[in-house]
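Dear colleague,

Please find the structure for your review below. My notes on it come directly after.

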Amino acid sequence: MSENTYWMQRAFELAQNAKEQDEVPVGAVIVLEGKIIGEGWNQPISSNDPSAHAEIMALRHAGQTNKNYRLPGATMYVTLEPCAMCAGAIVHSRLTKLVYAVEDLKTGACGSVFNLLQAEELNHKVVIDKGVMEDECRSLIQNFFKEKRLK
(Lines give C-alpha, C1' and ligand atoms only; values in the text may rest on other atoms or scores of the structure.)
Protein backbone atom coordinates (compact mmCIF):
# COMPACT_ATOMS: atom_id res chain seq x y z
CA MET A 1 0.00 0.00 0.00
CA SER A 2 1.36 3.42 -0.92
CA GLU A 3 1.82 6.15 1.67
CA ASN A 4 -0.91 8.23 0.00
CA THR A 5 -3.36 5.32 0.11
CA TYR A 6 -2.49 4.59 3.73
CA TRP A 7 -3.35 8.12 4.89
CA MET A 8 -6.35 8.47 2.55
CA GLN A 9 -7.77 5.32 4.12
CA ARG A 10 -7.87 7.19 7.44
CA ALA A 11 -9.55 10.18 5.77
CA PHE A 12 -12.11 7.75 4.32
CA GLU A 13 -12.83 6.38 7.81
CA LEU A 14 -13.42 9.94 9.02
CA ALA A 15 -15.76 10.55 6.08
CA GLN A 16 -17.76 7.57 7.29
CA ASN A 17 -18.03 9.31 10.70
CA ALA A 18 -19.61 12.26 8.91
CA LYS A 19 -22.07 10.00 7.12
CA GLU A 20 -23.07 8.36 10.42
CA GLN A 21 -23.88 11.87 11.72
CA ASP A 22 -25.95 12.58 8.57
CA GLU A 23 -23.34 15.04 7.28
CA VAL A 24 -21.93 15.04 3.76
CA PRO A 25 -19.26 12.31 4.01
CA VAL A 26 -15.95 14.14 3.73
CA GLY A 27 -12.94 13.38 5.92
CA ALA A 28 -9.51 14.99 6.21
CA VAL A 29 -6.20 14.06 7.82
CA ILE A 30 -3.06 16.19 8.18
CA VAL A 31 0.26 14.36 8.40
CA LEU A 32 3.65 15.75 9.40
CA GLU A 33 6.79 13.63 9.61
CA GLY A 34 4.82 10.39 9.38
CA LYS A 35 2.36 11.27 12.17
CA ILE A 36 -1.23 12.46 12.14
CA ILE A 37 -1.35 15.93 13.66
CA GLY A 38 -4.91 16.81 12.66
CA GLU A 39 -8.15 15.06 11.76
CA GLY A 40 -11.61 16.23 10.86
CA TRP A 41 -14.87 15.40 9.15
CA ASN A 42 -17.76 17.50 7.93
CA GLN A 43 -19.81 18.89 10.82
CA PRO A 44 -21.53 22.09 9.59
CA ILE A 45 -25.09 20.82 10.14
CA SER A 46 -24.58 19.33 13.60
CA SER A 47 -22.50 22.30 14.81
CA ASN A 48 -24.56 25.02 13.08
CA ASP A 49 -21.26 26.29 11.70
CA PRO A 50 -20.87 26.85 7.95
CA SER A 51 -17.09 26.75 8.32
CA ALA A 52 -17.04 23.27 9.95
CA HIS A 53 -15.85 21.48 6.83
CA ALA A 54 -13.55 18.47 7.25
CA GLU A 55 -10.51 20.45 6.11
CA ILE A 56 -11.13 23.32 8.53
CA MET A 57 -11.68 20.92 11.41
CA ALA A 58 -8.42 19.13 10.58
CA LEU A 59 -6.53 22.43 10.29
CA ARG A 60 -7.87 23.57 13.68
CA HIS A 61 -6.82 20.27 15.26
CA ALA A 62 -3.35 20.41 13.63
CA GLY A 63 -2.83 24.01 14.76
CA GLN A 64 -3.63 23.02 18.34
CA THR A 65 -1.42 19.93 18.14
CA ASN A 66 1.52 21.89 16.70
CA LYS A 67 0.84 25.03 18.76
CA ASN A 68 1.14 26.98 15.51
CA TYR A 69 -1.28 28.04 12.78
CA ARG A 70 1.45 27.53 10.18
CA LEU A 71 2.03 23.95 9.09
CA PRO A 72 5.01 23.89 6.69
CA GLY A 73 6.07 20.40 5.68
CA ALA A 74 2.60 18.96 6.37
CA THR A 75 0.33 17.15 3.90
CA MET A 76 -3.46 17.09 3.97
CA TYR A 77 -5.36 14.06 2.71
CA VAL A 78 -9.04 14.73 2.00
CA THR A 79 -11.73 12.66 0.32
CA LEU A 80 -13.19 15.52 -1.76
CA GLU A 81 -11.53 18.45 -3.49
CA PRO A 82 -11.60 21.48 -1.15
CA CYS A 83 -13.90 24.45 -1.76
CA ALA A 84 -12.69 28.07 -1.92
CA MET A 85 -13.01 28.57 1.86
CA CYS A 86 -10.97 25.47 2.63
CA ALA A 87 -8.43 26.16 -0.13
CA GLY A 88 -7.87 29.64 1.29
CA ALA A 89 -7.30 28.20 4.76
CA ILE A 90 -4.88 25.64 3.31
CA VAL A 91 -2.85 28.42 1.68
CA HIS A 92 -2.83 30.47 4.90
CA SER A 93 -1.69 27.43 6.90
CA ARG A 94 1.28 26.99 4.55
CA LEU A 95 0.63 23.29 4.04
CA THR A 96 3.18 21.84 1.65
CA LYS A 97 0.95 19.34 -0.12
CA LEU A 98 -2.70 18.44 -0.67
CA VAL A 99 -3.82 14.96 -1.70
CA TYR A 100 -7.50 14.57 -2.55
CA ALA A 101 -9.59 11.70 -3.86
CA VAL A 102 -12.51 13.12 -5.86
CA GLU A 103 -12.76 16.27 -7.97
CA ASP A 104 -15.65 18.59 -7.15
CA LEU A 105 -16.79 19.92 -10.51
CA LYS A 106 -19.21 22.40 -8.91
CA THR A 107 -17.20 24.02 -6.12
CA GLY A 108 -13.66 22.61 -6.31
CA ALA A 109 -11.02 25.29 -5.77
CA CYS A 110 -7.93 23.14 -6.34
CA GLY A 111 -8.14 22.68 -10.09
CA SER A 112 -11.71 21.78 -11.06
CA VAL A 113 -13.51 25.14 -11.06
CA PHE A 114 -10.39 27.20 -10.32
CA ASN A 115 -7.12 26.69 -8.48
CA LEU A 116 -6.44 28.82 -5.42
CA LEU A 117 -3.63 26.57 -4.22
CA GLN A 118 -1.39 27.46 -7.13
CA ALA A 119 -2.62 30.94 -8.04
CA GLU A 120 0.20 33.18 -9.26
CA GLU A 121 -1.25 36.10 -7.31
CA LEU A 122 -0.80 34.39 -3.93
CA ASN A 123 2.42 34.19 -1.94
CA HIS A 124 2.29 30.45 -1.21
CA LYS A 125 1.80 27.49 -3.55
CA VAL A 126 0.67 24.03 -2.49
CA VAL A 127 1.61 20.85 -4.37
CA ILE A 128 -1.52 18.95 -5.45
CA ASP A 129 -1.98 15.21 -6.00
CA LYS A 130 -5.40 13.83 -6.83
CA GLY A 131 -7.25 10.60 -7.52
CA VAL A 132 -6.06 8.56 -4.52
CA MET A 133 -8.88 6.11 -3.58
CA GLU A 134 -11.09 8.01 -6.00
CA ASP A 135 -13.58 5.20 -6.65
CA GLU A 136 -14.21 4.40 -2.99
CA CYS A 137 -14.60 8.03 -1.98
CA ARG A 138 -16.83 8.85 -4.95
CA SER A 139 -19.09 5.88 -4.15
CA LEU A 140 -19.41 6.97 -0.51
CA ILE A 141 -20.52 10.47 -1.51
CA GLN A 142 -22.80 9.35 -4.34
CA ASN A 143 -24.51 6.72 -2.18
CA PHE A 144 -25.04 9.29 0.57
CA PHE A 145 -26.92 11.60 -1.80
CA LYS A 146 -28.87 8.71 -3.39
CA GLU A 147 -30.07 7.71 0.08
CA LYS A 148 -31.03 11.33 0.82
CA ARG A 149 -33.15 11.51 -2.35
CA LEU A 150 -34.99 8.32 -1.36
CA LYS A 151 -36.09 9.75 2.00
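The notes below cover the sheet, the nonpolar core and the aromatic pairs.

This is a predicted model, in which local features need pLDDT of at least 70 and side-chain atom pairs count only at pLDDT 80 or more, while totals for chains, interfaces and linings use all residues. Residues are numbered from 1 along each chain as its sequence is written, and side-chain values use heavy atoms, with hydrogens and water left out.

**Sheet.** Five strands form an open sheet in the order S2-S1-S3-S4-S5, with mixed pairing. Helices (H or I, at least four residues) and strands (E, at least two) are DSSP runs numbered from the N terminus, and two strands pair if DSSP finds at least two bridges between them. Strand S2 (35-41) and strand S5 (127-130) are at the edges, each with a single partner strand, so one side of each has no neighbour in the sheet. From one strand to the next, the twist averages 15°. S3 and S4 run parallel and are joined by five bridges; Met76 stands opposite Leu98 in S4. Helix H5 lies across S3 and S4, at about 60° to S4. Here axes are lines fitted to C-alpha atoms, for helices over the stretch in contact, and angles run from 0 to 180 degrees between N-to-C directions.

**Nonpolar core.** The largest nonpolar core has 41 residues, and Ile30 and Leu98 have the most contacts inside it. Such a core is a set of buried Ala, Val, Leu, Ile, Met, Phe, Trp, Tyr and Cys residues joined through side-chain atoms within 4.5 Å. Among the elements that give two or more residues to this core are helix H3 (54-66), strand S3 (75-80) and helix H5 (134-150). H1 gives the most, with six residues. Leaving aside neighbours within four places in sequence, Ile30 is in contact (heavy atoms within 4.5 Å) with residues including Ile37, Leu59, Leu71 and Met76.

**Aromatic pairs.** The whole structure holds two aromatic pairs. Rings of Phe, Tyr and Trp (its six-membered ring) pair if their centres lie within 6.5 Å; planes under 30 degrees apart count as stacked, over 60 as edge-to-face and the rest as tilted. The ring centres of Tyr6 and Trp7 are 4.8 Å apart with planes at 80°, so this pair is edge-to-face. Phe144 and Phe145 also form an edge-to-face pair, 5.2 Å centre to centre with 80° between the planes. Buried means under 20% relative accessible area, exposed over 50%, and partly exposed in between (1.4 Å probe, protein chains only). Trp7 is buried at 10%, whereas Tyr6 is partly exposed at 49%. Phe144 is buried at 5%, and Phe145 is partly exposed at 33%.

Kind regards
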